[in-house]
Amino acid sequence: MCSICGCGGGSTARTHAHAHDHAHDHEHAHDHDHTHTHGHAHQHAHAPGGVGARVLQLEQDILHDNDTLAAHVRAHLAAAGTLALNLVSSPGAGKTTLLVETLKRLGARHPVAVIEGDQHTSLDADRIRATGTAAVQLNTGKGCHLDARGVHDALHELPPLPGGVLFIENVGNLVCPAGFDLGEAARVLVFSVTEGEDKPLKYADMFATARLVLLSKCDLLPYLRFDVDRARACIAQVNPDAEVLPISTTSGEGMDAWLAWIEARCPPR
C-alpha cells in the first residue's frame, strides 16, 4: 500500500508479449537496498510524536527509497544512450492514442520501447505491440501510479535502446504520479481540450513538474468552449518554463513539432 496517497499498491504485475535477447549491461551489485517502495515496512513504533510522526517518517522513507532507485535508473539509461519520457495525464486525455501515432512515425528512425502502466488489463500494451514496438505492461491493481521499482524491473524485459526512446505511460492520474520520480529525463503532460482551462491550477503539483505540455485533441476546438489562451496562462502561472504544444492525432496538427522535440533530445547513437 502506498502511504503517500493511500492507494493499495502491492506488487506490480508484469506481462509482455515479445521475447527479446536481453543484453543490458546492467550490474546488480547496487550499493542501495532493493527493498524499496513495495512491501516497505520500516518499524517506527518508538518515533516521537505518535502516529502522525510515524506516518510522516514512513512517507519520507518511501519517497527517499524511490528517489534513490530513480537516480540509478536515470544513470543506467544515460549510460545506455536512451531518452526516457514519462507521459502523464488524466484518464481519457489521449495518451495511448498519441503514443501509438508517435511510435508509428518515430519507430522507423529510432529504437523505441514502452513501459505501459494501468491498474488492470493489457489493452493499451496490446495496442502498442500492434505497432511492432516492444512493450512491458505494469498492472498496479489498486495502485494509482508507477514507481521507480516497477520501471527498474521492467527495463530487464526490454531490448537496449542506444540513441532511442523509452516511453513510460503512467497510470491516468494527475495527483499521485507527481510525487514519484521514475528516472525519466523529462515528464510530458498530455492535457486535453475536453478538460477545463483551469486544470493546471487545480493540479499544480503535476503541471509544475512537466517539461512539455501537449494540448491534445485540438481538432475538437471548434466544437468546444475551451479558451486556449487562458489554458496557456494557467500553465504559465504554475510553470513558466513549460513548453506548450497544441496537438491532434486526428488532424496531424503538432505531430511534426512533437517528433522534433523528442529527436532534439535523443542521445547520439
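C234 is buried, at a relative accessible area of 6%. Buried here means under 20% relative accessible area, exposed means over 50%, and partly exposed lies in between (1.4 Å probe, protein chains only). C218 also counts as buried, at 5% relative accessibility. The disulfide count is zero, where a disulfide is a pair of cysteine sulfur atoms within 2.5 Å.

The structure is a predicted model, in which local features need pLDDT of at least 70, side-chain atom pairs count only at pLDDT 80 or more, and totals for chains, interfaces and linings use all residues. Residues are numbered from 1 along each chain as its sequence is written, and side-chain values use heavy atoms, with hydrogens and water left out. The pLDDT, the predictor's confidence in each residue on a scale from 0 to 100, averages 85 over the protein chain. A score of at least 70 is reached by 78% of the residues. Residues 16-48 fall below 50. Even so, this stretch has 62 contacts in the model beyond near neighbours in sequence. A contact requires heavy atoms within 4.5 Å.

The protein chain holds eight helices and eight strands. Helices (H or I, at least four residues) and strands (E, at least two) are DSSP runs, numbered from the N terminus. Of the 269 residues, 50% count as buried. The accessible surface comes to about 12,100 Å², and carbon and sulfur atoms account for 52% of that area. Areas were computed by the Shrake-Rupley method with a 1.4 Å probe; for residues, only the protein chains shown count as cover. Among contacts between residues at least 6 apart in sequence, 76% join residues at least 24 apart.

The largest nonpolar core has 28 residues. Such a core is a set of buried Ala, Val, Leu, Ile, Met, Phe, Trp, Tyr and Cys residues joined through side-chain atoms within 4.5 Å. Inside this core, L85, V165, F167, L214, W258 and I262 have the most contacts. Two or more residues come from each of β2, α2, β3, β5, β6, β7 and α8.

Helix α8 spans residues 255-263, and its buried residues are M255, W258, L259, W261 and I262. These cover an arc of only 155° around the axis, so they lie on the same side of α8. The arc is that of the directions from the helix axis to the C-beta atoms. An α-helix has 3.6 residues a turn, so residues three or four places apart point the same way. The buried residues of α8 pack against β2 (82-89), α2 (95-106), β5 (164-169), β6 (186-192), β7 (212-216) and β8 (243-246). Leaving aside neighbours within four places in sequence, I262 contacts L83, L85, T102, L106, V165 and F167.

V190 lies in strand β6. Its relative accessible area is 1%, so V190 is buried. The C-alpha atoms of V190 and L214 are separated by 4.8 Å, although the two residues are 24 apart along the chain. Not counting residues up to four places away, V190 touches V88, S89, A93, K95, L98, E195, L214 and S216.

Backbone torsions were also examined. Most residues other than glycine have a negative phi. T121 has a positive phi, near 70°. T121 sits in the loop between β3 (112-118) and α3 (123-129) and is partly exposed, at 44% relative accessibility. K217 also has a positive phi, near 60°. The loop between β7 and α7 (228-238) contains K217. With a relative accessible area of 28%, K217 is partly exposed.
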